[in-house]
Amino acid sequence: MYLAVVFGAAIGLVLGLLGAGGSILAVPALVYGVGQPLQTAVPTSLAVIALSSLGSLLPRERRASVRWPVALLFGAAGVPAAFGGAALGRLFPQRWLLLAFAALMIVVAVRMLRGDENHSGACRARDGRVNWRSCVPKSVLAGAAVGVLTGLFGVGGGFIVVPVLTLLLGLGAQQAVATSLVVVLINSAAGLTAHLDAVDSIDHRVLLLFATSALVVSLVAARLSTRLNASAVRRGFAFVVLAVAAFVAAAAIVNPSALG
């Protein structure tokens, strides 16, 4: 059970510092670290990510940075998509889902390593305001994509939301992180609801230890996030994600029986 504490703390650390990315490690940690079958790991991951996101939003300075209209737009688009992603996940063998998940991890890591941060925002008008007429369709599509990934893989999707908020809407780093956490919270709650049929299989001891450690660490990390070099943290995390992706892919091919 101590592994649940260790992995939960690691996920809370990443989520608190970056507002994204921690959920990408939750499912592999639960499957290969704790020994849960994939159908149990997904709803457990969603519960942990929801609680961690909530914890990361508790500091007043972070809540003040949330762009609520943007967060609610993304979240509203992601809720029905999360149910679609959950239904899609039931159609494929767990082995292939984990291989697809490993591919997703590689994409996330590459994006983090590229680390382009100087964006004016494709939806910004000349006066600095958001041009909602042109950006609403793009935002809805991005929110729906996040929802599908949430329901399918049990991830919060912040690794998509943060770059979209900076690239598309031109939000600053702290605004993008804070707004992303609200979207992650909404999507995780929707994804957990979509997996209600598997909730009975959740090991509540693992969930409690995992979620508590993630929540506590995310609170501390959220307060430290403004004092650390976000680019260095992101690059280091990207290398961890690449290593975990390689392990997940190899394990899914060599030892699929571990999936339960």
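Predicted model: local features only at pLDDT ≥ 70, side-chain atom pairs only at ≥ 80, totals over all residues.
Residues are numbered from 1 along each chain as its sequence is written, and side-chain values use heavy atoms, with hydrogens and water left out.

**The whole chain**

Zoom out for a moment. The protein has eleven helices and zero strands, and along the sequence its pattern reads α-α-α-α-α-α-α-α-α-α-α. Helices (H or I, at least four residues) and strands (E, at least two) are DSSP runs numbered from the N terminus. Of the 260 residues, 51% count as buried. Buried means under 20% relative accessible area, exposed means over 50%, and partly exposed lies in between (1.4 Å probe, protein chains only).

Go back to α5 and select helix α9 (residues 173–194) with it: the two pack at an angle of about 25 degrees, with their axes 8 Å apart. That angle makes α5 roughly parallel to α9. The axes are lines fitted to C-alpha atoms, for helices over the stretch in contact, and the angles run from 0 to 180 degrees between N-to-C directions. Angles under 35 degrees count as roughly parallel, over 145 as roughly antiparallel, 65 to 115 as roughly perpendicular, and the rest as oblique.

Next, select helix α3 (residues 38–57) and helix α10 (residues 204–224), which pack at about 30 degrees with 8 Å between their axes. So α3 is roughly parallel to α10, and α3 passes α10 in a right-handed crossing.

The crossing of α6 and α7 is left-handed.

**Stops inside the helices**

Stay with helix α10 and pick Ala214, which lies in it. Is Ala214 buried or exposed? Ala214 is buried, because its relative accessible area is 0%.

Ala29 counts as buried because its relative accessibility is 8%.

**A loop glycine**

Select Gly172 in the loop between α8 (158–167) and α9. With a relative accessible area of 35%, Gly172 is partly exposed. From Gly172 to Val162 the C-alpha to C-alpha distance is 10.0 Å, and the two are ten residues apart in sequence.

**On the surface**

Show the surface and select Leu88, Leu91, Phe92 and Val148, which form a nonpolar patch with about 360 Å² of accessible area together. Patches are made of residues with over 30% relative accessible area and no salt bridge; like charges are joined within 9 Å, and nonpolar side chains (Val, Leu, Ile, Met, Phe, Trp, Tyr) within 5 Å. The areas come from the Shrake-Rupley method with a 1.4 Å probe, and for residues only the protein chains shown count as cover. Phe92 sits in the loop between α5 (68–89) and α6 (94–114), and counts as partly exposed at 44% relative accessibility.

**Last stop: a charged pair**

Side chains of opposite charge can pair when their charged atoms come close. A salt bridge is a side-chain nitrogen of Lys or Arg within 4 Å of a carboxyl oxygen of Asp or Glu. How many salt bridges does this rule give? The count comes to one. Select Arg205 and Asp203 to see the salt bridge, where the closest N and O atoms are 3.8 Å apart. Arg205 is exposed at 56% relative accessible area, whereas Asp203 is partly exposed at 27%.

Terms used
Left-handed = near helix turned anticlockwise from the far one by under 90°.
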